[in-house]
Amino acid sequence: MVIAQTQTAADLAQTDGSASVPSHVAIIMDGNGRWAKARGLPRVAGHRAGVQAVRRTIEAAIKHHVGWLTLYAFSSENWRRPAAEVSDLTGLLRRFIKSELAELDANGVRLMVIGDRGRFDADLQAELARAEATTRNNTNLTLIVALSYGARAEIVTAVQAALAEITAGRLDIASLDEASFGRLLSTGDIPDPDVILRTSGEQRLSNFLLWQSAYAELVFTDVLWPDFTEEHFAAALAEYARRERRFGARPG
Ligand code: IPE
Ligand code: IPE
Ligand code: MG
């Protein structure tokens, strides 16, 4: 469904008195290529414009008091794209970390990376580790960037970790439950997303947070990622505030 853009989450919280701001918003940032194509530009121009939308979204998350923001920036399947595009994307990521780290830190943003970072060049891996270390004690917003991330691979890795613990005699099969298994995922202590938002009109998860999204509210908008603004972010929060979450219990 397409989100409305009239009421903000704050408006709704005021009218019904509930705490309706999601704690964790996860975004599948899609549509850079189509944005560029519509302008007769190369795809990289769309990715560049997408970086500006990332900046706006981080600011919006802070402003709206969302504690956790996850951005799907590069999927494990995105390695299948032409080498030149992969290199454009990793180049933009490298530049983003270098140019934004000081400001993210100054704004109290804690950066975390999930995904198979071992597939990136060693220097980029070092930059990511440095950014995480620099910002680790910040508390305004936790920004989780999903890079070379695939949910199925993440689940298989967690199963391997559980089996290794069991084989070593450190874990009882019977004591493996949803909570302890969840802690073996790359999202460990990160709360599950309350909202998964996808731009560009596509309505699929594309291997994003499959375990963690069990009870997420799904919000889809037609806006292409490079056009995404604070207003669209606020509209998604408003859409979330209108939803009734039940978690399987009977309606209230
Ligand atoms: C999202 O935009 C960015 C990444 C997936 C890295 P796309 O590059 O997927 O843009 P479209 O879907 O082709 O328009
Ligand atoms: C999902 O977008 C991955 C990211 C946004 C990083 P894609 O554009 O790669 O997804 P599909 O191929 O359309 O499912
Ligand atoms: Mg896409």
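Trainee: How do the residues of the lining of the second largest pocket divide into nonpolar, polar and charged?

Mentor: This is a predicted model. About 320 Å³ of space lies in that second largest pocket, and 18 residues line it, with E178, D192, W211, Q212 and A214 closest to its centre. By class, the lining comprises nine nonpolar, four polar and five charged residues.

Trainee: How much space lies in the largest pocket?

Mentor: The largest pocket is lined by 34 residues, and those closest to its centre are M29, N32, Y72, A73 and F74. Its lining divides into 18 nonpolar, 10 polar and six charged residues. The space in the largest pocket is about 750 Å³.

Trainee: Which element gives the most to the lining of the largest pocket?

Mentor: Several elements supply at least two residues each to this lining, namely α2, α3, β2, α4 and β4 (141–149). With six residues, the element that gives the most is α4.

Trainee: Where does ligand 2 sit?

Mentor: The shell around ligand 2 includes Y72, A73 and F74. These three residues are also among those closest to the centre of the largest pocket. Ligand 2 accordingly has its place in the largest pocket.

Trainee: Which pocket corresponds to the space taken by ligand 1?

Mentor: The shell around ligand 1 receives at least two residues from each of α2 (32–38), α3 (43–63) and α4 (83–106). Those elements also each supply at least two residues of the lining of the largest pocket. The space that ligand 1 takes is the largest pocket.

Trainee: Which element supplies the largest share of the shell around ligand 1?

Mentor: There are 13 residues around ligand 1, the closest being D30, G33, R34, R43 and R81. They divide into three nonpolar, five polar and five charged residues. The largest share, three residues, is supplied by α2.

Trainee: What is the distance from an oxygen atom of ligand 2 to an N or O atom in the side chain of S206?

Mentor: Ligand 2 has polar contacts with several side chains. A polar side-chain atom of D30 is 3.2 Å from an oxygen atom of ligand 2, and one of R81 is 3.3 Å from an oxygen atom of ligand 2. For the side chain of S206, the distance is 2.6 Å.

Trainee: Which strand gives the most to the shell around ligand 2?

Mentor: The shell around ligand 2 consists of five nonpolar, three polar and four charged residues. Among them are Y72, A73, F74 and S75. With four residues, the strand that gives the most is β2 (residues 68–75).

Terms used
Residues numbered from 1 in each chain as written. Chains lettered and ligands numbered in written order. Predicted model: local features only at pLDDT ≥ 70, side-chain atom pairs only at ≥ 80, totals over all residues. Heavy atoms only, no water. Near = heavy atom within 4 Å. 1 Å grid on protein atoms, 1.4 Å probe; cavity = no way out; pocket = protein on both sides within 12 Å on 5 of 7 lines; lining within 4 Å. Sits in = over half its atoms within 2 Å of the grid points. Nonpolar A, V, L, I, M, F, W, Y, C, P; charged D, E, K, R; others polar. Polar contact = N/O pair within 3.5 Å; in protein donor to acceptor, adjacent residues only side chain to side chain. Points joined across faces, edges and corners; volume = space filled by probe spheres on them.
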